[in-house]
Amino acid sequence: MGRSLVSGNEAIALGALKAGLKFYAGYPITPSSDIAEILAKELPKYGGRFIQMEDEIASMGAIIGASLAGLKTMTATSGPGFSLMLENIGFGIMVEAPCVIVDVQRGGPSTGLPTFPAQGDLIQARWGTHGDHEIIVIYPNSVMECFELTVKAFNLAEVYRTPVVLLSDEIIAHLREIVEFPENVHIVQRRKPEVPPEEFLPYTDRFGDVPPMPDYGSPYRYHTTGLAHDETGFPIHHPEKVEKLLLRITGKITKNRDKIGDIEILYPDAENFVFALGCVSRGAAEVVEYLREKGINIGLIRPRVLFPFPETQIRRVCDNAKRVFVFEMNHGQIIHVIRRVVKTEKIRWFGKSNGEIITPEEMEKVIMEGLNGN
Amino acid sequence: MVTEIARKYLRKDKFPSIWCAGCGHGIILGSLLRSVDRLGLDKNKVVLISGIGCSGRTPGYVDFFTLHTTHGRALTFATGVKIARPELTVIVVMGDGDAAAIGGNHLIHSARRNIDITAIVYNNSIYGMTGGQVSPTTGQGYYATTAPYGQFEYPFDIAQLAIGAGATFVARGSSYHVPMLDNLIKKGIEHKGFALIDVITTCPVNFGRRNKITQDPYENLKFVSNIVVPKSKYDQMGEEERKGKFPMGILKEEIKPELTEVYRQKEEEMGVRYEV
C-alpha cells in the first residue's frame, strides 16, 4: 500500500489481514470499534468472514469455535468487554485454541472514561481469568508496531496453540503516523497431526509441549472440554494427570520465555532506567534522550511482550542500576511485577489514571527528584 | 438395532455415564443418535457442542467432533464453527438453565440469525448437576432447593421464546414419546436454518423427588406424558384446559434464507470467495 497515514487501530486490522485472519467476531466498544468496522469491510475481500455478535462473551466463544474449525481468528474490545471475555479466554487456554484478543485500554473501572486513555488492564490481561495459567500479552507503542506485533500475536498463537492478548490504549489506537508496511512478513501456521487417525491423541506431549491440532471436519475426531483432561481429551481428576496437564500448558509458555520475549532496552549500560509501556513509553523515550543530553546517564526499558514477563533481561540491566523509574497510567499495577525482579529501594514509581497521559515534564520531575536522593 | 447404533456412535469406554439411574437424558441421546444414523451423516462432518450441566456431558459419550464449552455459551461456539465450516452439521445440546437463563441472549440471537444449527434443549425444569436449584422453566409453585416455598416466578416457554426470536423450525418433544422425538430431531437436523427442539424430560432425583412425583423413573416419565399434549389436540383445547400443558410436535416451520447461505450469496455478489 506504499507510504500512508495510518492509525494504530487500522494498523492492527491490516496486520491481522496480513497474518491470515479468516474469522473475526466482535461487539462494538469505544475505543476499539474501528478495528471491527475496517474488518467488516475488508475481511471478505481477503477470503474471510466477519460477524458482529450479541456481546463480548459470544464474540470470544465464536472465535474459539472458528479456531477449532481451523481458522485464524480475532476479536477486539476494550476494558468492560475484556472483563466479559475472561471466562472464555480461560476456556481457550485450557483447550489450547489459538486466537488473538485485542484490548484497547480506556479509563476504568466500570464504564469509566470511554474516550480517554488508561493502562488499567495490565494485571487483568495477565491474571483476569480464574485458575493457574500462563498467557502471552503484547503491547505495541507505535503504528508500525501495531502492525508488526499483530502479526507476531497471530504467529505466537499458532506456535504455542494459545490465546494471545494484544494490548493497546486509546492513544496508540487513534495515533496516526506515516508508515510503509512490509509486503512480506513471516507467517506461521499451526502444526497439524501427521499420525494416522487411530493413533491420534489430541493433547499428547509426544511431539513436545504443543500438541498438533486438527481441523473440525478432518478424520481426526476428538473431544474437547474445559474440564481438566488427559492426553485423550476426556475429563480426569487424578491429581497426577491434572498436574501434568497444567504443567504442560503453562510450561509451553514459561519454557519458551526467551523465544517469545521481545523487549526494547535503550542504553543498556545506563546507570538509571525508565520503565514504560504503550503510550507512556513514547514520552518516556523523549525524556530519556532529553536527560541524556543534559548529561544524565539514563536508559529505557520497554517490553513489547509484557507477559511472560522479561525477568532475565530486566534483571540483567537493573541489577547494577541505581534507580529504576516506573511510569504507568494506573494506580500501581506493573510495579508489583517489577518489584519481584528489581530491588524495591531502587524503584521510584509514578502513576495516574485520571484520563490524562503522563507528560514528559511530569516524568522529568519524578526522575530529577529521584536522582537527587528523594 | 439399538446395539448396532450404540456400537457405531458411542464411545463405549466412557460408560457408565455420569447420569443418575432413571435420568431422561439418555433417552434424548438415543433419539439424537438414531436421527443422525437415519440421515446417514458422516461422523467426521458432525460437531456436537454443549454447555455446562448434566446435558453438557452428552458430547463426551459420542464419537463425533465434540466440544464441551462454558455454561450457557454453546451456541456462540457453534456459531463460530458453522460460519467457519458451513459444510459441517452442527448440533447443540443444552439444559434449560443453560439455554434460557445464562445462555438466553445467545439463544434468541442464534434464532434471529437463522444460522443452520440444531439446538436441542433437555428441559427438566431444574438445575440437576448443581443439586436441584430452580430454573427459568420451573413452573410456579414447584419446589427446588432455591425455591423451598415453591417457585414464585413465571416460567419461560422456550419454544415460544424461540418462535418469537425468529427461529425457523421449532418443535417440542418429550422423553416419554420417543418415536416422535426421533422424528422431530431428524427434521430439525434436516431443516436448513435455526432449529430448536424443546424436549420436556425428567430429573427424578432433583425434580421428581422434591415435587411429590417420587424418585421413580417411570413416575417421572408419566408426569412428563401428562403435561405434553399433541399440538392438534392442544389447538382444540380451551384456555382453562391448556393450563400447565405444553403442545407437542412441530410448532413452527418456515423456509427463509439461512445465514451461511446468505454469506455465500453476498460473497458471490461481491466477487470474492470465502476460503478455508
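Visitor: How many bridges pair strand S1 of chain B with S3(B), and in which sense?
Guide: S1(B), residues 46–50, and S3(B) pair over five bridges in the parallel sense. Strands here are DSSP runs (E, at least two residues), helices are H or I runs of at least four, and both are numbered from the N terminus. Two strands pair if DSSP finds at least two bridges between them.

Visitor: Before I go on, what kind of model is it?
Guide: This is a predicted model, where local features need pLDDT of at least 70 and side-chain atom pairs count only at pLDDT 80 or more, while totals for chains, interfaces and linings use all residues. Residues are numbered from 1 along each chain as its sequence is written, with chains lettered from A and ligands numbered from 1 in the order in which they are written.

Visitor: OK, back to S3(B). Which residue stands opposite B:Val90?
Guide: B:Val47 does.

Visitor: And which other strand is joined to S3(B) by six bridges?
Guide: That's S4(B), residues 117–123, and the two run parallel. B:Ile91 stands opposite B:Thr118 there.

Visitor: Why is S3(B) largely enclosed?
Guide: Because six of its seven residues, in the stretch 89–95, are buried. Buried means 20 or more other C-beta atoms within 10 Å of the residue's own, exposed means 12 or fewer, and partly exposed is in between, with C-beta atoms placed from the backbone.

Visitor: Which strand of chain B is bridged to S9(A)?
Guide: S2(B), residues 65–68, through three bridges, and they run parallel. A:Thr224 has B:Leu67 as its bridge partner.

Visitor: What about domains in chain A?
Guide: Domain 1 is 4–179 and domain 2 is 264–371, with bounds from an automatic or database domain assignment. Their centres, taken over C-alpha atoms, are separated by 26 Å.

Visitor: How many residues does each domain give to their contact?
Guide: Domain 1 gives 25 and domain 2 gives 20. On the domain 1 side, the residues divide into 16 nonpolar, five polar and four charged.

Notes: Contact = placed C-beta atoms within 7 Å. Nonpolar A, V, L, I, M, F, W, Y, C, P; charged D, E, K, R; others polar.
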